[in-house]
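Let's take a walk through a protein, one piece at a time. Have the picture open beside you as you read.

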Amino acid sequence: MGWFWADNQARPSAQRVQTSGQGCPVKHRDESTPGIVAAGGAAQEKAACPVMHDSGALNPLNNMPNLSAHRQAFQKLELPTERTVSSIPKGNTDAAGEGEFWEYPSPQQMYNAMVRKGKIDPYTGEEIPEDAVESMVYVHNYLNEGCWEEILDWERRYSEAAAAHPKLLQFMGKPSQLTPRARWYHLLGTLFPSKFSAELPFDRHDWTILRPDPAASDPEHPGYRKVRYVIDFYAGPDDENGLPTFNLDVRPGLDNVTNARDRFYRWVSPIWDEFFPNWKK
């Protein structure tokens with residue numbers, strides 16, 4: 001399962017039109033495109049297609065196609081189509097100022113995304129239980145809110161200096177691309193298993209935020225500077241109630257001297273605070 005948001009443009013009431021480009025990646029009975037053949041007639045297949053047919057391109061803000069909120073033909077349960085508004089402000093809003101916060105995908109959109117990714121059998125609907133999807137969406141939302149809280153902590157001194165808060169401009173999941181730090185931790189865990197964990201992250205995200213900066217010269221986003229954050233998601237041990245836990249490794253990407261300085265400052269500050277409690281005064 002990938003951690004992603006669907007853009008708030010992909011509404012449950014969106015109209016379906018013919019896809020552009022190379023067409024739908026799912027093979028329907030009246031098409032010759034290679035792919036999966038869904039059960040049922042041609043009309044039913046297209047109606048249940050997990051791909052939203054109003055755009056053949058990926059959304060540049062999340063590198064995801066628009067996702068359908070339509071129920072799959074093989075579904076047994078009715079999944080909610082309502083979407084939850086996050087606490088994370090968007091870097092881009094429309095002319096009316098609407099869509100100020102990112103929206104999470106609905107359980108139905110999440111289910112359709114898993115069908116599209118091949119994590120649910122389109123013939124039987126088995127592999128991921130339908131009654132588990134709502135819990136998966138809850139965990140997905142909870143983790144992303146945790147990521148944003150970590151970013152706000154990193155950004156606090158910049159926010160206080162500018163008297164403004166950062167915004168999330170775009171994000172991209174990169175589950176197959178290990179970060180150098182994840183590789184390093186894995187190596188340490190292999191060499192020193194008693195002190196480090198060799199477990200690899202189950203997902204990675206790159207988030208680009210807009211940091212408030214009056215001196216910034218970005219013509220697209222006046223008063224803001226783009227900053228990339230890297231996030232590794234790790235599975236933790238179950239808690240005392242047998243529920244899963246997760247660890248988030250959030251930090252600015254090593255793209256420039258400022259980000260490197262922030263990471264060094266973050267690492268050395270607790271040491272200085274312990275031995276020199278008055279050094280900031």
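**A tour of the fold**

Let's start at phenylalanine 196, which you can find in the loop between helix H4 (180-191) and strand E4 (203-212). Those labels follow a simple scheme: helices (H or I, at least four residues) and strands (E, at least two) are DSSP runs, numbered from the N terminus. Residues themselves are numbered from 1 along each chain as its sequence is written. You're looking at a predicted model, where local features need pLDDT of at least 70, side-chain atom pairs count only at pLDDT 80 or more, and totals for chains, interfaces and linings use all residues; side-chain values use heavy atoms, with hydrogens and water left out.

The areas come from the Shrake-Rupley method with a 1.4 Å probe, and for residues only the protein chains shown count as cover.

Now zoom out. The protein has 5 helices and 6 strands, and from the N terminus on they run α-β-β-α-α-β-α-β-β-β-α. Of its 281 residues, 41% are buried. Its accessible surface comes to about 15,700 Å², and carbon and sulfur atoms hold 55% of that. Take the contacts (heavy atoms within 4.5 Å) between residues at least 6 apart in sequence: 62% of them join residues at least 24 apart.

Next, follow helix H3, which covers residues 133-162. Its 30 residues reach 41 Å from first C-alpha to last, close to the expected 44 Å (that's 1.5 Å times one less than the number of residues). Where does H3 bend? The spot is glutamate 155, and the bend is about 60°, taken as the angle between axes fitted to the seven residues ending there and the seven starting there. After H3 comes alanine 163, with a positive phi near 55°.

Glutamate 155 also turns up in a network of salt bridges with Arg157, Arg211, Arg261 and Asp262. A salt bridge here is a side-chain nitrogen of Lys or Arg within 4 Å of a carboxyl oxygen of Asp or Glu, and that rule gives a count of 17. One of them pairs aspartate 262 with arginine 211, whose closest N and O atoms are 3.7 Å apart. That pair links distant parts of the chain, 51 residues apart: aspartate 262 sits in helix H5 (residues 257-275) and arginine 211 in strand E4. Both aspartate 262 and arginine 211 are buried.

Another salt bridge joins aspartate 213 and arginine 225, at 2.7 Å from N to O. Aspartate 213 is in the loop between E4 and strand E5 (224-236) and arginine 225 is in E5, so this pair ties together parts 12 residues apart in sequence. Aspartate 213 counts as buried because its relative accessible area is 18%, while arginine 225, at 37%, is partly exposed.

Finally, aspartate 255 meets arginine 228 in a salt bridge, again with 2.7 Å from N to O. Here the partners are 27 residues apart, with aspartate 255 in the loop between strand E6 (245-252) and H5, and arginine 228 in strand E5. Aspartate 255 is partly exposed at 42%, and arginine 228 is partly exposed at 25%.

Technical notes:
Buried < 20%, exposed > 50% of the residue type's maximum accessible area, 1.4 Å probe, protein only.
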